[in-house]
Amino acid sequence: MKRVLATLLVLLVMMTGSYADAETWYIDGKTSDRVHLRAEPDGESLGLYFQGTPVQYEQTYFDTGWAYVLIGTEEGYVDRDYLTREQPENRNPAYSVNNRDSSWVNLRSRPTTQSESLGRYNNGTEVVVLGETRNGWFYVSVGDKTGYMLGELLSPVQGEAQTSQLTEVVGQAGDGWLIHAYEADNGQMLYFTALESEVNILYEDVNFDGHQDLVIYTSLGASNAYCEFFVWSNGQYVMADHPAIGYGLCNYQLHPEMGRNMVSTHANNGSAGAEHEDCVFRWEGTRLKLIRRAVGELRTELTSDVETTTKTTWHNQLHITIRDYTVDQYEGTLIYEKTTELNDEIGRELEIEGQRFWEGI
């Protein structure tokens, strides 16, 4: 019945006007910083778009409470309560181009690699994210152009972070990390450890519940940014629990478009990104449950005799593994393994690994 209703609404839009006649309205998520574009009223999500993002809205009002809109090249339905004629305060995050396999990224006219390129943008170029489609493309604004870039080729910019002027170093842990105290926006005192004496703190809704959480950057390197989440729960901030996977949450990326509230991380461990560790988590309350982990590391082998153990490392070979953790096994279930040469073709091998990494999630 929903599909029939959606078809009738599309026909009504076609009969009452064209997009040439449509007015520009804006996303206004009220207490949420982003809003779903849906395939049909109350149907599956086609993506999420940030407050302040302009939409082309056909001025035909339906009793359903939904509006048929065009956002970029994506068409669908938005709850009319989340649209406004007056541009609200923008909540569009800033990202930068970060292609680990190249020095640039195409801006595409549509969310597909087969569409027209609107220009090439070098690593480090800042873009404003207007939204994200369900298949991982970011709808972005860069300069005077808007278009689509693959989300996995972008990294968040910490331009809105609050600095360590609001934190106080109150001690030092046994491992040498500094103990910080921070008074959150609700007056709650939070304590955490960080490698640096100056700490970046970002307010962002990381678990997709409509309330701003805290992202605390505990260590910043040339290519890796490590952080911890404090999520809002029952009127206070709670430090998110996640598996001890060796490095914490590194270069995190949010994936609300996947429908299961997922977060991924990527650690660049060397060899121009060939050595790496990628994880994807799903929120369960205030816990991040590890779903899948991929590791690329130099091939090693241990040999032992009665008195000694010898470790041999091949610096020209990469060993890749992907493991599932869907049944909470400590070591996970091995679903992919390959040893390959570190040469000019390694980029292609990593691309294949990336495709396998997301299969079935």
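Reply: A nonpolar core is here a set of buried Ala, Val, Leu, Ile, Met, Phe, Trp, Tyr and Cys residues joined through side-chain atoms within 4.5 Å; buried means under 20% relative accessible area, exposed over 50%, and partly exposed in between, with a 1.4 Å probe and protein chains only. The model is predicted, so local features need pLDDT of at least 70 and side-chain atom pairs count only at pLDDT 80 or more, while totals for chains, interfaces and linings use all residues. Residues are numbered from 1 along each chain as its sequence is written, and side-chain values use heavy atoms, with hydrogens and water left out.

The largest nonpolar core has 20 residues, of which V215, F229, Y252 and W283 touch the most other members. Two or more residues each come from β19 (213-220), β20 (225-233), β25 (275-284) and β26 (287-304); strands are DSSP runs of E, at least two residues long, numbered from the N terminus. The most, 4 residues, come from β20. Leaving aside residues up to four places away in sequence, W283 has contacts (heavy atoms within 4.5 Å) with partners including F229, V231, V263 and L288.

A salt bridge places a side-chain nitrogen of Lys or Arg within 4 Å of a carboxyl oxygen of Asp or Glu. The count of these is 7. In one of them, D324 pairs with R292, with the closest N and O atoms 2.6 Å apart. Because D324 lies in β27 (residues 309-324) and R292 in β26, the pair ties together parts 32 residues apart in sequence. D324 is buried at 15% relative accessibility, and R292 is buried at 6%.
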